[in-house]
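My entries follow the display.

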Amino acid sequence: MRSSDGKTRDLVTTMPGAGWDYAQTRHPYFAIEAPKGPHYCVYNRRHMAVCFDDHSTEDGYWRLRQKAAVLHTGEFPVQFKGPDAEKLLNKLFTKDITKVKVGRCGYGVACYHDGGIIVDGILLRLERELFWYAQADGDFYSWARAHAVGMDVEISDPEVFVSQVQGPNSLKMLEAAADDGLPEKFAYFAMKKVRFGGQEVAITRTGYTNELGWEFYTEAHHDAEALWAHLTAAGAEFGMEIFGLDAMNIRRIEAGILNAGSDFDHTTTPYDVGLGWCVDDKDDFIGMEALKKAPRGNRLYGVKCPTGEPLISGSVEIEGAKAGHVTAGATSPYLKCGVGIVRLEQRDLPEGTKVSIGCADGTMHAAELVQMPMYDKEGLVQRGKSAEIPKR
């Protein structure tokens, strides 16, 4: 039995005692989440809340769409420091990261030599020779260390935790929380240092929802309790609340934001999953030769199902023949149908292609392929160019 059978799943619980959780890390706001009844997954050996007893997944979704929602993530920032930091990172990533300026972020995808994807994440350039790579769940830290031999670069765990503030009120909350107001030129993928209640904190105009939003980075030297109290006070009038991955998952599927390890993995190249734009023409990077020969064309599609919720690992059929499988599934309160992401063998099928998919009720349902994102195609919401708030 697998957790993707739609009937059961295994999550982390809190109980008295000690032992066998020593390789897992609680984020600095664990105690603040505790009264809400959190249930955690383990992500980069860190606990990340999937859901809470004090509100439903649908409540969390609408909090994100209408007000402001916070997720304390399990993303793992890896620090690269030294004269060869840029050189190493440009070798590890398919994109040309030399173009990422100080005070900016970049999206980084790392591949194996055969072109299979290891992980993705957000690269922050704090200084000319100092980077943080906030990676998704994946085997990257040791990979980077292994390829740094002979280079003048220090790779370390800076003990930083990433939290997302997302939703239409998120920037209003930031303006209220920052001691000096909203930072100037805080455009999409910008990075700034701001002061919250006297504590300097790194923030970025990024997120995992395609909603308006930003992220903040809690460091070991911060007074996390005071920082959270300050942010909570600032966010109260804007409806800010903590929510979990289940609610965020719906929105990221609608937005076509991919999850490492399920939507893509070591068996897929960037071209297979619509990330060909991440492969730059540069002198050298790991996987370059394989990707030159790799087939082009996308095998990853959005899917809408009017009568069921797509089941992760569920079969996808076209005209009765097995064509692929479901990599993500949920029910969208906004679109009022099942939504999902599917990985097929065929490339570049047209939108509207009819398929049958395995759903959470254990049966096959009629569905159709759709382009991702499923709405807000121009990304106006995340860039702050659309103020429309959906009604529940």
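Where is the place of Pro373? I find Pro373 in the segment after strand E19 (364-370); strands (E, at least two residues) and helices (H or I, at least four) are DSSP runs, numbered from the N terminus. The model is predicted, with pLDDT of at least 70 needed for local features and 80 or more for side-chain atom pairs, while totals for chains, interfaces and linings use all residues. Residues are numbered from 1 along each chain as its sequence is written, and side-chain values use heavy atoms, without hydrogens and water.

**Backbone.** I note a cis peptide bond from Met372 to Pro373, with omega near 0°. Most peptide bonds are trans, and most residues other than glycine have a negative phi. I looked up Asn44, in the loop between strand E1 (38-43) and strand E2 (46-52), and read a positive phi of about 55°. At 14% relative accessibility, Asn210 is buried.

**Helix packing.** I recorded helix H5 (residues 170-177) packing on helix H6 (residues 224-235) at about 120°, with the axes 8 Å apart; axes are lines fitted to C-alpha atoms over the stretch in contact, and angles run from 0 to 180 degrees between N-to-C directions. The contact (heavy atoms within 4.5 Å) involves Met173, Ala176 and Ala177 of H5 and His230, Leu231, Ala234 and Gly235 of H6.

Note on methods. Buried < 20%, exposed > 50% of the residue type's maximum accessible area, 1.4 Å probe, protein only.
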